[in-house]
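Trainee: Could you show me how to read a binding site and the surroundings of a ligand?

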Amino acid sequence: MSELVYRRVLLKLSGEALMGDEDYGIDPKILGRIATEVIEARAAGAEIALVIGGGNIFRGAGLAAGGMDRVTGDQMGMLATVINALAMQDALEKLGAKCRVMSAIKINDVCEDYIRRRAVRHLEKGRICIFAAGVGSPFFTTDSGAALRAIEIGADLLLKATKVDGIYDKDPNKHSDAVRFDDLTYDEVLQRNLQVMDTAAFALARDSALPMRVFDMYQPGVISRILNGEPVGTLVHA
Ligand code: UDP
């Protein structure tokens with residue numbers, strides 16, 4: 001256990017990561033696969049917290065574009081993240097893990113309220129925490145929620161799972177000569193105008209010098225490899 005380079009980490013997954021090949025909602029096979037990865041990393045001795053987005057169900061900005069009040073849309077988006085968190089909790093528990101969903105908005109018939117000290121205690125006891133509802137306010141994203149919670153719980157690393165295996169100088173899906181960075185400082189990300197996460201989330205992570213690794217979730221064993229110090233994807237640091 002002591003060989004792990006990172007002791008406490010926060011994994012950010014987008015809601016779309018749960019969709020698999022579907023256009024909407026949750027693919028149970030994908031959920032099971034991600035849960036297995038998380039449990040494997042937990043078994044290696046790391047304390048793990050998760051933040052899952054809601055984009056597979058609702059995003060406030062998308063609903064507002066269709067004419068809905070933005071705040072109501074964002075509240076629906078936050079509830080979508082609670083749905084995803086409950087689904088992941090179920091998948092983790094089915095595989096024998098201990099897990100707690102903690103929400104930034106009060107919905108405590110279905111999960112706990114987020115209380116930092118309680119979250120840290122859960123992690124110390126080996127439970128996997130899923131922080132739902134982002135920061136609990138409209139006009140934010142779950143990237144902000146992930147950066148905020150990672151800083152609050154004293155995570156050694158923010159793991160940002162994406163569809164591509166790191167940060168490139170240009171979109172690798174459009175340009176065959178795109179080059180992947182092994183590591184970047186926060187200042188270099190800004191200078192190069194690279195899109196890593198939204199501005200509010202980026203500012204929070206940068207101001208707190210939170211190290212972040214951007215990687216492709218769909219490589220088997222990838223979380224454990226990162227925890228063991230393998231340079232998978234791109235590291236962003238102060
Ligand atoms: N959301 C919000 N405040 C937060 C986090 C999320 O209002 O602190 C809403 C917002 O509408 C957002 C939606 O929840 O679009 C889903 O979150 P996000 O877009 O971050 O999900 P992802 O893109 O990671 O799937």
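The dialogue below goes through the annotated site and then the ligand shell.

Mentor: This is a predicted model, where local features need pLDDT of at least 70 and side-chain atom pairs count only at pLDDT 80 or more, while totals for chains, interfaces and linings use all residues. Residues are numbered from 1 along each chain as its sequence is written.

Trainee: Which residues does the UniProt annotation "binding site" cover?

Mentor: UniProt annotations may be inferred rather than shown by experiment. Here the unreviewed entry lists Lys12, Leu13, Ser14, Gly15, Gly55, Arg59, Thr162, Tyr168 and Asp171. They span 160 residues in sequence and the farthest two C-alpha atoms are 25.8 Å apart, so they do not all gather at one spot.

Trainee: Is glycine 55 buried or exposed?

Mentor: A residue is buried if 20 or more other C-beta atoms lie within 10 Å of its own, exposed if 12 or fewer, and partly exposed in between, with C-beta atoms placed from the backbone. Glycine 55 has 21 such neighbours, so it counts as buried. Aspartate 171, with 10 C-beta neighbours inside 10 Å, counts as exposed.

Trainee: Which residues come nearest to the ligand?

Mentor: A residue is near a molecule if its C-beta atom, placed from the backbone, lies within 6 Å of it. Of the 25 residues around the ligand, Gly53, Gly55, Gly60, Gly77 and Gly134 come nearest.

Trainee: How many residues of the shell are nonpolar, polar and charged?

Mentor: Ala, Val, Leu, Ile, Met, Phe, Trp, Tyr, Cys and Pro count as nonpolar, Asp, Glu, Lys and Arg as charged, and the others, Gly among them, as polar. The shell around the ligand has six nonpolar, 15 polar and four charged residues.
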